[in-house]
Amino acid sequence: MLDILLPSPYNLSMPEPVIFQKSPIVQLVEPGSYWWCSCGRSKSQPFCDGSHKGTGMQSKKVDITEKKTVAWCACKHSKNMPFCDGSHSKLP
């Protein structure tokens with residue numbers, strides 16, 4: 001009998017984002033659509049420039065409906081992505 005190991009969703013590793021910085025990027029934003037960088041590799045932080053290609057990660061579209069100040073997550077570990085939730089304070 002031939003044993004075949006198939007990938008399990010439990011042993012597939014998710015790519016780890018690069019920590020851009022351990023503090024949020026705070027900006028006053030106008031209404032519109034924004035593409036937030038989730039991989040940490042973009043040169044246009046906190047926004048996507050396509051640097052995630054080939055990493056298995058994707059940018060996240062965010063629709064802002066009114067002018068407001070936003071604290072974008074820059075550590076890429078927030079549980080409230082794309083917004084900062086303080087997770088950066090728990091990173092090594």
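Visitor: Let us begin with the overall layout. How many helices and strands does the protein chain have?

Guide: This is a predicted model, and its protein chain has zero helices and four strands. Read from the N terminus, the elements run β-β-β-β.

Visitor: And what share of the residues counts as buried?

Guide: Of the 92 residues in the protein chain, 33% count as buried. The chain exposes about 6400 Å², and carbon and sulfur atoms supply 56% of that area.

Visitor: Which residues make up the largest nonpolar core?

Guide: A nonpolar core is a set of buried residues such as Val, Ile or Trp, joined through side-chain atoms within 4.5 Å. Here the largest one has twelve residues: I25, V29, Y34, W36, V62, I64, V70, W72, C73, A74, C75 and L91. At least two residues of this core come from each of β1, β2 (32-36), β3 (60-64) and β4. To see one member in its setting, take V29: leaving aside residues up to four places away in sequence, V29 touches Y34, I64, E66, K67, K68, V70 and W72.

Visitor: I would like to read the aromatic rings next. How many aromatic pairs does the structure hold?

Guide: A pair of aromatic rings is described by the distance of the centres and the angle of the planes. This structure holds four such pairs. One of them joins Y34 and W72, with 6.0 Å from centre to centre and 55° between the planes, and is classed as tilted. This pair links distant parts of the chain, since Y34 sits in strand β2 and W72 in strand β4, 38 residues apart.

Visitor: Are Y34 and W72 buried or exposed?

Guide: Y34 has a relative accessible area of 19%, so it counts as buried because the cut-off is under 20%. W72 is buried too, at 0% relative accessibility.

Visitor: Why is the pair of F47 and W72 called edge-to-face?

Guide: The ring centres of F47 and W72 are 5.4 Å apart and the planes meet at 80°, so the pair is edge-to-face. Because F47 lies in the loop between β2 and β3 while W72 is in strand β4, the pair ties together parts 25 residues apart in sequence. Y34, F47, W72 and F83 form one aromatic cluster.

Visitor: Now the cysteines. How many disulfides does the structure hold?

Guide: A disulfide here needs two cysteine sulfur atoms within 2.5 Å, and the structure holds zero. For C37, the nearest cysteine sulfur is that of C39, 3.8 Å away. For C84, the nearest is that of C73, at 6.1 Å. C37 is buried, with a relative accessible area of 2%, whereas C84 is partly exposed at 24%.

Visitor: Could we finish with two serines? Where is S87 found, and what does its side chain reach?

Guide: S87 is found in the segment after β4 (68-72). The side chain of S87 reaches the backbone oxygen of H77 at 3.5 Å. Apart from residues up to four places away in sequence, S87 touches C75, H77, S78 and K79. S87 counts as buried, at 11% relative accessibility.

Visitor: And where does S23 lie?

Guide: S23 lies in the segment before β1 (25-29) and is partly exposed, with a relative accessible area of 32%. Its contacts, not counting residues up to four places away in sequence, are A74 and H88. S23 and S89 are 66 residues apart in sequence, yet their C-alpha atoms are 8.1 Å apart in space.

Key:
Residues numbered from 1 in each chain as written. Predicted model: local features only at pLDDT ≥ 70, side-chain atom pairs only at ≥ 80, totals over all residues. Heavy atoms only, no water. Buried < 20%, exposed > 50% of the residue type's maximum accessible area, 1.4 Å probe, protein only. Polar contact = N/O pair within 3.5 Å; in protein donor to acceptor, adjacent residues only side chain to side chain. Contact = heavy atoms within 4.5 Å. Areas by Shrake-Rupley, 256 points an atom, 1.4 Å probe, with all protein chains shown as cover. Phe/Tyr/Trp six-rings, centres within 6.5 Å; stacked < 30°, edge-to-face > 60°.
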